[in-house]
Amino acid sequence: MENYKFDKATREKLASLSSRELESVLGEIADAIGADKMKTRMLLGNVEGVKGMLRTMTDDEANKLINSIGGEKADKILKDLKERY
């Protein structure tokens, strides 16, 4: 599988989505990685904070986040995001 990057352009595209769109994307990602439901609800309750984080996140921080998901899952999620946005 190709190695997709969670680069600055991708992060900026996500941050520029409406709050409703980003909330939907984050929910899909959380489901795809099997995230804790309580933590997901907390995250979705602060979509504007997530937008700020996406805009200020360094490439190293982004890579650390992606690596925590796991290669194959991360590639699938990033591929889907890049195709959609």
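The model is predicted, so to speak of local features a pLDDT of at least 70 is needed, side-chain atom pairs count only at pLDDT 80 or more, and totals for chains, interfaces and linings use all residues. Residues are numbered from 1 along each chain as its sequence is written, and side-chain values use heavy atoms, without hydrogens and water.

A pocket here is an open set of points on a 1 Å grid over the protein atoms alone, where a 1.4 Å probe fits, with protein on both sides within 12 Å along at least five of seven lines; lining residues have an atom within 4 Å of a point. Volume is the space filled by probe spheres set on the points, which are joined across faces, edges and corners.

| Pocket | Volume | Largest share of lining |
|---|---|---|
| Largest | about 550 Å³ | H2, six residues |

Start with the largest pocket: 24 residues line it, and Leu26, Ile29, Ile33, Leu43 and Leu65 lie nearest its centre. Two or more lining residues come from each of helices H2 (19–33), H3 (37–44), H4 (47–56), H5 (59–69) and H6 (71–84). Helices are DSSP runs (H or I, at least four residues), numbered from the N terminus. This lining has 20 nonpolar, two polar and two charged residues. Nonpolar covers Ala, Val, Leu, Ile, Met, Phe, Trp, Tyr, Cys and Pro; charged covers Asp, Glu, Lys and Arg; the others, Gly among them, are polar.

Around the second largest pocket, H2 and H6 each supply at least two lining residues. Its lining includes Val25, Glu28, Lys73 and Arg84, and divides into five nonpolar, no polar and six charged residues.
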